[in-house]
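Please read the following explanation alongside the sequence and the coordinates.

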Amino acid sequence: MRNKAVAIVLGAVAASTLIAWTFAPDENATATLTYGTPALESMGALAFGPDDILFVGDSQGAAVYAIEIADTGASSGAINVRDLDAKLAAMFGTTADDITVRDMAVHPRSGNVYLSVARGDGNFGLVKVDGSGQLSEVPLTDVRFSKGDITNAPSPEAAYGRRGSARAYTITDLAFADGQVMVAGLSNQEFASNFRRMSFPFSHSMKATSLEIYHVSHGRYETHAPVDTFTPYEIDGSVHIVASYTCTPLVLFNLAGLADGEHVMGRTVAELGAGNRPLDIITYSNGGNDYVLVANSRHPLMKIDASSFASAEGLEPPTEETGIGFEAMPQIGVQRVGERGDGIVMLQDDDGLHLITAAKDSM
Amino acid sequence: MSDSGLLHCLSHPRRAGGGLVLLGLVACCGCGPAEIDVADAPTIRFAGDPYGDTDAIEVTGLSPSSLASLDELTTEQWVDALAVLTEAAADDPGAPVVLGDYRIDAGRVLFTPRFPFAPGMSYLARFAPPSGIEPIEWTFSIPEVTGASTTRVAEIFPSAATWPMNQLKMYVHFSGPMRTGRAFDFIRLIDEDTGIEVEQPFVTVQEELWDQTHETLTILYDPGRIKRGLVPNQEAGLPLQTGRSYRLVIDAGWPDTDGRLLEEPYEHHFSIGEIDRTSPHPNGWILTVPGAETRDPLVLAFGEPLDHGLLHTLIGVRRAATGTKTSRWATTTETTPADQLLGRVETTDAESAWRFSPDELWAAGRYEVVIPTILEDLAGNNLKNLFDVDLGEVPSEFGGVEAVYLPFVVAGR
């Protein structure tokens, strides 16, 4: 029994990889984009995809944009920028407390850090931070892009009423995996597990399809809830999602072979506790092992050993016996995390906003 | 000097130390970026006429040759030549400048900020060309937005006096668009008996849950505290307790979309009843059918308050060309979305009744009301499942059913 468990864990570790892009090497995803200026109405969640494509969540415009960010050069060296909010305020012509950084994403090829930044009055922009800590705005005019509409109507039967402006969908997180754009969000009207998938390349006829994800608490109560933040994770060649909920548990579910509108059950793999909201999740590899990092509104930055996900069935709130490594990291006020080469870059809120980098080996 | 516009000096380092190396064409007249006529006496001011708008600033009083020379500057050189800084950045030598666009236009230098200069902010503009004249500075301010907002809180839903203990959401309706991102600075829930504020009863979403016009805000109670078996529920309990009274307070001072502040606070009083763990079901609904050749409302009474937002956007009425249904409700339809009637929806009786007044007169004939099964009550229970599903209980008959259809006949006169 014990040998089998070890074999499963080793097999899972060997098979789990960072998500591989599904485009063939000679087929570039940017071929599906056209030049122009995306008519963004807001800018929230950010996620990089294949071939220099940045996916941008536009809640106000009910869309996800795929924008080519042809980042030149590679930046190495740890990124550390103190008082990022003051610097962004200087660039945006306002005060530091009027600046909100909505999301952060690391360009997989260049290593530059991209920030979605907004002023209190709603003006927004995309800012790049390079390896030397220099900030610059990334103009989104005359770029190659495409637009995917997030359909708002819950179903064809429900396409009635004053839906034009009354219904809205706020995108809380985005990721590209398994050839699709995954979108987590919240409706302003119905309370449902609003997790959607959009095929990429985007097309006019494409509809975002939703999955009804739930998890079980105490073996008895089924919880449908909006996914707050999530990350894709491959186990045994199959794409999974590690998701955290407004209701706090960390849940793992398998995306493979799911039909639209399907009722999908996830397994609880960690319980993060009350009074806290998870803000960001990533997976990363170091020393042959996979880890999950969860940034929280109140709790410390948490590191979880992902290899344990593949073992043990039907986890209820995990206990010590399940052997899940669950460590509190020393960095405080971490809001966003990103993998960047040998390090983890973090957006930190601690008497001002800062970007800090910690070596993976030190975590 | 006059030909300086044609020629570049390449690789001119920004910070000249000893040993400058000038590459490229040496035979440029007045080599070096932007030589300004020493006779120039430029000024910086808001662009346009004396009462020009505050969208841009300009540097005037430069000779054509000075302007031509400035026209050669790279973007990086412009940032040094005409730096616009916020008040805080002006005190910090390493701070970035205000982002913007530099151009020579109609005999002046024009700087248009990337994002509008903000009300209540002060800025410093420094024109410091690399050679020719001494730098000049101009400090300017953008006036605060004055006057109180004419926007007010119009209504809060649910409007019922009693809410279930597992109340899920509220809608705050404003009379005009509001600035987003400030909601949780201005909304408080107070226990009426103790006067104590309830701690963190709501879910905070960074972008908040507004409708498209930013006039209606959805506030969710923390489902982690409402759902059974979850840690927040076990540790902190439900935010609202049966038998207690609360008031929801919207404080004055919330900025509207123009930055003007809401003048009046708003209070909404309610008390808490029992937990609601019953899904809405059509067996309890009563449909009142109007007469033909009228625009009288079709009224559907649910017997309990339902979600205000969903009542307005989910339910429709369709004309049935044929039909044989005699039951009060069905899970299959005899119509298509193309048969939809247009009209106006109202909710009455604390959102326990839905009224539809058609744009056109009712024609005699068969119709259906279409009610998607995701319609929720105040506790988030929809027809298909309870908000908090107990797997040990019998599943709802509406699992997998998209909508419930109520056929009715408008009798001819």
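This is a predicted model: local features need pLDDT of at least 70, side-chain atom pairs count only at pLDDT 80 or more; totals for chains, interfaces and linings use all residues.

**A helix across a sheet**

Helix 2 of chain A lies across strands 5, 6, 7 and 8 of chain A, and runs at about 110° to strand 5 of chain A.

The four strands form an open sheet in chain A, with the order 5-6-7-8 and antiparallel pairing. Strand 5 (99–106) and strand 8 (135–137) of chain A stand at its edges; each has a single partner strand, so one side of each is left without a neighbour in the sheet. From one strand to the next, the twist averages 30°. In general, the strands of a sheet pair through backbone hydrogen bonds, in either a parallel or an antiparallel manner. Within the present sheet, strand 6 (residues 113–119) and strand 7 (residues 124–129) of chain A are paired in the antiparallel sense over six bridges. A bridge into strand 7 of chain A joins Ala118(A) to its partner Phe124(A).

The surroundings of the helix deserve attention next. Of the nine residues of helix 2 of chain A, eight are buried, so this helix is largely enclosed by the rest of the structure. The buried residues are Leu84(A), Ala86(A), Lys87(A), Leu88(A), Ala89(A), Ala90(A), Met91(A) and Phe92(A). Just after helix 2 of chain A, Gly93(A) adopts a positive phi of about 75°.

Chain A comprises 363 residues, of which 50% count as buried. Among its contacts with a separation of 6 or more, 53% are accounted for by residues 24 or more positions apart.

The largest nonpolar core contains 158 residues, and those touching the most other members are Leu54(A), Phe55(A), Val64(A), Leu174(A) and Leu293(A). Helix 2 (residues 84–92) of chain A gives the most to this core, contributing seven residues. Apart from this core lies another, of 23 residues, which include Leu306(B), Val370(B), Leu375(B) and Ala403(B).

Which residues are in contact with Leu174(A), leaving aside its neighbours within four places in sequence? The contacts of Leu174(A) are Ala45(A), Ala47(A), Phe55(A), Gly57(A), Val64(A), Val181(A), Met182(A) and Val183(A). Of these, Phe55(A) and Val64(A) are themselves listed with Leu174(A) among the residues of the largest nonpolar core that touch the most other members.

How values were computed
Residues are numbered from 1 along each chain as its sequence is written. Chains are lettered from A and ligands numbered from 1 in the order in which they are written. A residue is buried if 20 or more other C-beta atoms lie within 10 Å of its own, exposed if 12 or fewer, and partly exposed in between; C-beta atoms are placed from the backbone. Two residues are in contact if their C-beta atoms, placed from the backbone, lie within 7 Å. A nonpolar core is a set of buried Ala, Val, Leu, Ile, Met, Phe, Trp, Tyr and Cys residues joined through C-beta atoms within 7 Å. Helices (H or I, at least four residues) and strands (E, at least two) are DSSP runs, numbered from the N terminus. Two strands pair if DSSP finds at least two bridges between them. Axes are lines fitted to C-alpha atoms, for helices over the stretch in contact, and angles run from 0 to 180 degrees between N-to-C directions.
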